[in-house]
Amino acid sequence: MTSPGIPFPPPTLYLVLGCVFYGLDKVVSVSIPISLPPHIRILVIILSLVVLSLVVLYTEWMFKTHNTSILPWTSDSRLITTGPFAYSRNPVYLVSILLSVAMAAYLESAWVLLSGLVTMWIIDRMIIPKEERYLEQEFGEAYLRYKKKVRRWI
């Protein structure tokens with residue numbers, strides 16, 4: 001196996017499904033009553049975007065410094081277990097979920113929250129297992145030890 005066989009960057013699934021579910025919200029609105037003032041909700045979104053951006057940029061930098069690819073349709077030359085990967089085997093997916101929840105809170109939309117949950121389920125059940133099979137085959141015992149030490153999410 002030369003790659004996990006994933007044809008697209010999985011975090012784009014959050015964006016696509018988020019837009020679809022946001023469109024549903026515009027047709028049939030289902031609100032989540034949030035008692036936070038609008039300026040606090042905006043702050044939560046801004047902070048979420050900053051955290052997501054920092055994690056993605058740091059993760060991309062780690063892949064570059066370890067001379068391996070962040071793209072899921074290419075092969076990996078090294079197993080990265082430091083930085084955010086010391087806490088979660090899937091840090092980019094994790095912060096993408098958090099961003100979905102923050103967007104749902106900002107928009108007060110049950111549909112957007114549902115999109116994040118559906119996307120998390122798809123990634124957890126359909127994408128990550130492919131990635132993990134590939135990593136087990138590619139890195140063997142080193143990956144199995146890492147998998148025992150670090151949780152999938154947090």
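Which element is included in what covers the buried residues of helix 2? The structure is a predicted model, in which local features require pLDDT of at least 70 and side-chain atom pairs count only at pLDDT 80 or more, while totals for chains, interfaces and linings use all residues. Residues are numbered from 1 along each chain as its sequence is written, and side-chain values use heavy atoms, with hydrogens and water left out.

The protein chain contains 4 helices and 0 strands, arranged α-α-α-α from the N terminus on. Helices (H or I, at least four residues) and strands (E, at least two) are DSSP runs numbered from the N terminus. The C-alpha trace spans about 50 × 25 × 25 Å along its principal axes. Of the 154 residues in the protein chain, 38% are buried; buried denotes under 20% relative accessible area, exposed over 50%, and partly exposed the range in between (1.4 Å probe, protein chains only). Among contacts (heavy atoms within 4.5 Å) with a separation of 6 or more, 78% involve residues 24 or more positions apart. The protein chain exposes about 9,100 Å², of which carbon and sulfur atoms supply 69%; accessible areas come from the Shrake-Rupley method with a 1.4 Å probe, and for residues only the protein chains shown count as cover.

Helix 2 has 28 residues and reaches 40 Å from its first C-alpha to its last, close to the 40 Å expected at 1.5 Å a residue. The expected span is 1.5 Å times one less than the number of residues. Its buried residues are R41, I45, S48, L52, V55, T59, M62 and F63, and helix 3 is included in what covers them. L47 also lies in helix 2, and together with L36, I40, L43 and V44 makes a nonpolar surface patch of about 380 Å². Patches are made of residues with over 30% relative accessible area and no salt bridge, like charges being joined within 9 Å and nonpolar side chains (Val, Leu, Ile, Met, Phe, Trp, Tyr) within 5 Å; a salt bridge is a side-chain nitrogen of Lys or Arg within 4 Å of a carboxyl oxygen of Asp or Glu. Just after helix 2, N67 takes a positive phi of about 55 degrees.

For helix 3 (residues 91-107), the 17 residues should span 24 Å at 1.5 Å a residue, which agrees with the 24 Å between its end C-alpha atoms. Buried residues of helix 3 include P91, V92, Y93, L94 and V95. The buried residues of this helix pack against helix 1 (11-27), helix 2 and helix 4.

Rings of Phe, Tyr and Trp (its six-membered ring) pair if their centres lie within 6.5 Å; planes under 30 degrees apart count as stacked, over 60 as edge-to-face and the rest as tilted. By this rule there are 4 aromatic pairs. The ring centres of Y58 and W61 are 5.7 Å apart and the planes are at 20 degrees, so this pair is stacked. Y58 and W61 are 3 residues apart in helix 2 (residues 38-65), and therefore separated by about one helical turn. Y58 is partly exposed, with a relative accessible area of 38%, and W61 is partly exposed at 48%. For Y143 and Y146, the ring centres are 6.0 Å apart and the planes are at 50 degrees, so the pair is tilted. These two residues are 3 residues apart in helix 4 (residues 110-149), about one helical turn. Both Y143 and Y146 are buried.
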